[in-house]
Amino acid sequence: MQKYENAGEEDRLFIMQYKEFINQVINSKCANVKPFSGRFNAADLELLKEKVQKGGKHEEDFDELYEAFVSVSKMMNAAYNELYAEQREIISEMKTPAFDVISHLVAVVNCNFCGVFTLLNAKLAERAIGIQRFSVLSAAKLQSVDSEIGELPLDGALEFQIDMLSMLINYVRYFRTEKYDSPSLTGKKYWDSLKKLLWNANVLCALKDDYDNCVFTDGFIRLDQKKKAITFDYFNHENLKLPLAGSNILNQKTLHENRKNSMPDFFGMFFLKKRIRKMTVINGFINLKFEKGGNEFLDDKSREFSAAIVSYYDYLKDEPLSGLLNATLLEVLSIWVILQGLADYILNNFQYDFALDTKESFGKVPCRISKKKLLHDINEMSILSRDKIRRILEVFVSTPNSFCDMWNAPLYDCGEYYTFPIFSISQGMSYNIIDCIMIRGGLDLQKRGPLFEKYVAYEIRKEHMHGYMRNVFGSRKYERNKGDFQEIDCIVELRDIVVVAELKCIQYPMTPQNHHDCRKRLRQGCEQALIKAKYVRDNPKLFYRVSATLPGKRIIPVVVTNYPNFTGFSHLDVYVVDSHSFVSYMNTGRITVNLASKEHGNQVVAQYFIYQNEAEFSSNFETFLQQNPMVEMLKKDIVIKEMARPNVEGYKMSVVYATPNLPETIVIENEI
């Protein structure tokens, strides 16, 4: 099945058929085609297959891909039913209120994170580690408890814990109305039951994660019946590298801004001069005492978010959010920064020096906080009104009546208190939180579009550093006859070419589903850019009135988006580029490679120009889109590997993935 990787034109039909089949699965509202559902029925997949092949050419290679997908879906559904039946039995035997179980699950994850944090700091103190282009967490490895799996990337392992926690909470919440006649389990028996819950969830979450990544990100399944082996693979390994390279461009840009002495502080004005003096933990409840003084944890987090705003959201920071009492993005983020400051204080002051092996020992772990107490604590540190704080806090709360995602809304409502997962609060992805805030505040992608268009047009209207010709026409409606028009986001006329840009805001791709939605939106953008480029080409008289030199020049369609995660992605030979790269090309053509780190600040390691003269300003643009210099540089440090995963139904499982190829790693034994 090697032929499926990086398939050429001759293989495209059966692959396109398979992708269409997968799209039918994704878009189906029927749970019968989803293996992680109790209503799964393989016969319904056959109906989707017939729909795809109706009137089309029968492809044997498609049948092979389809049969592998169906067989593995059946195995996953069998594992799903078996494991959830066991989970149900375990919870019934525990005879413990659901909110207590959820709190204790959060406690376990908090202990794991605190333990890893302590061990990692100790390892880092032993030696200076030369990590430059990727984060230190990417360079650290955690030894899996499963010897066949081996070492896991530490960042992925910690993130997986939060995904697993979300999955468990979404199941345990259904037991919150259960009443038990006999006493609940205590001591070590309770801990053993909780461990079983966690282990089963670990397997379930791994299976679903592999399935979702494969389904939502252009993957396929290899099934070797003789060797009893399953591999989740991808049609284009180079495309696997793009999101990782783009993500690291985003991180380096943010870290670069963070290290600037001139970076503005957007949040200091929202904070009172209060800091935490003391923390006590009683039955898992966090109790904090305050005193006057500077707060280093708030200072660190506010600087991180100021860097994030400067990097990608400066044009939205003062927008009122109608769904949040017209609070601005900065006001809402100031409350999130306080939550992060609390989490960092707990992380640095909680002494995890005891065995977590009985029900009673959970009382020592900070894992929940009274609603009244949290509101009081935030009020101690914020200038915002109590009512506004209360409303903003709701953005970060998951409730038992809705789906829980510990990354988007980490505070879980347990009646009189919230659970407090330290890792997903302290290390929550900045841009994911910003996007969640804007969506809940009523500023969705559609409403952000015009603001993004104005921002990009404003930036590229600045004078070119060499004075090269560059006419910029911002978003407007071009109409040849009544009813015959196109709204074009941005046209940039250079000496020899005309760039027709479709601008598309995307949400930060936190999950496989997000990745799929982003690519779908960007594909639509590519199709729209082609239509609009054709309109410019077909109507020279109309555009002669815009610019007398514009008609007759070669036209290049492009999609410009807000994040760099998909820079280099293409559809119908139209390329996607992030706004920073686009603006940089149009204004200077200068690429400065900064390696930013907390240890060494900003270091300029290379600087060069993409074009040397005005002729190259036009002629090099397409190459710049197809081979973005920063993406190409980072892709050299990314390799494709295959990693073992938990076995399913007697089959050995593995997954193909992209990872930084770092020369030096830190290995942490599984001691927690």
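Contact here means heavy atoms within 4.5 Å, and the views below all show a predicted model.

**View 1. Thr-217 in the loop between helix H7 and strand E3.** Thr-217 is found in the loop that runs between helix H7 (187-216) and strand E3 (219-224). Leaving aside neighbours within four places in sequence, the residues in contact with Thr-217 are Asp-212, Tyr-234, His-515 and Arg-519. Because buried means under 20% relative accessible area, Thr-217, with a relative accessible area of 18%, counts as buried.

**View 2. The chain as a whole.** The secondary structure of the chain comes to 21 helices and 25 strands, and buried residues make up 57% of its 672 residues. Among contacts between residues at least 6 apart in sequence, 71% join residues that are at least 24 apart.

**View 3. Helix H1 and the elements that cover it.** Helix H1 (residues 12-27) has 16 residues, which should span 22 Å at 1.5 Å a residue, and its end C-alpha atoms are 22 Å apart, so the two values agree. The buried residues of H1 are Phe-14, Ile-15, Gln-17, Tyr-18, Phe-21, Ile-22, Gln-24, Val-25 and Ile-26. What covers these buried residues includes helix H2 (42-53), H3, H7, E3 and H16.

**View 4. Helix H3 and the residue that follows it.** Helix H3 (residues 60-94) has 35 residues and reaches 51 Å from its first C-alpha to its last, close to the 51 Å expected at 1.5 Å a residue. After H3 comes Lys-95, whose phi is positive, near 50°.

**View 5. The largest nonpolar core and a second, separate one.** The largest nonpolar core has 206 residues, of which Phe-21, Phe-396 and Phe-582 touch the most other members. The largest share of this core, 16 residues, comes from H3. A second, separate core of 14 residues includes Phe-473, Tyr-478, Val-498 and Ala-533. Returning to Phe-582, and leaving aside its neighbours within four places in sequence, this residue is in contact with Val-456, Ile-460, Val-492, Val-499, Ala-501, Val-558, Val-560, Val-577 and Phe-621.

**View 6. Leu-321 in strand E7.** Leu-321 lies in strand E7 (residues 320-321) and is buried, with a relative accessible area of 1%. Leaving aside neighbours within four places in sequence, Leu-321 is in contact with Asn-326, Ala-327, Thr-328, Leu-329, Val-332, Ile-437, Met-438, Gly-441 and Leu-443. Leu-321 and Gly-442 are 121 residues apart in sequence, whereas their C-alpha atoms are 6.1 Å apart in space.

**View 7. Asn-539 between two helices.** The place of Asn-539 is in the loop between helix H16 (512-538) and helix H17 (540-544), and at 5% relative accessibility this residue counts as buried. The side chains of Asn-539 and Arg-480 are joined by a polar contact of 2.7 Å.

**View 8. Helix H9 and its N-terminal cap.** Helix H9 (residues 296-313) has 18 residues and reaches 24 Å from its first C-alpha to its last, close to the 26 Å expected at 1.5 Å a residue. Asn-295 caps the N-terminal end of H9, with a side-chain oxygen 3.1 Å from the backbone nitrogen of Phe-297. Phe-297 is itself one of the buried residues of H9, among them also Lys-301, Phe-305, Ile-309, Tyr-312 and Tyr-313.

**View 9. The largest cavity.** The count comes to two cavities of 30 Å³ or more, and about 50 Å³ of space lies in the largest cavity. Its lining is formed by Val-310, Ser-311, Tyr-312, Tyr-313, Asp-314, Tyr-315, Phe-452, Tyr-455, Asn-562, Ser-579 and His-580. H9, helix H15 (445-460) and helix H18 (579-587) each supply at least two residues of this lining, and the largest share, four residues, comes from H9.

**View 10. The second largest pocket.** The second largest pocket has a volume of about 830 Å³. Of the 26 residues that line this pocket, the closest to its centre are Lys-253, His-580, Ser-584, Arg-590 and Thr-592. Helix H8 (237-258), H15, H18, strand E21 (590-597) and helix H21 (629-635) each supply at least two residues of the lining, with the largest share, six residues, coming from H18.

Key
Residues numbered from 1 in each chain as written. Predicted model: local features only at pLDDT ≥ 70, side-chain atom pairs only at ≥ 80, totals over all residues. Heavy atoms only, no water. Buried < 20%, exposed > 50% of the residue type's maximum accessible area, 1.4 Å probe, protein only. Polar contact = N/O pair within 3.5 Å; in protein donor to acceptor, adjacent residues only side chain to side chain. Expected span 1.5 Å × (residues − 1). Core = buried A, V, L, I, M, F, W, Y, C linked by side-chain atoms within 4.5 Å. 1 Å grid on protein atoms, 1.4 Å probe; cavity = no way out; pocket = protein on both sides within 12 Å on 5 of 7 lines; lining within 4 Å. Points joined across faces, edges and corners; volume = space filled by probe spheres on them.
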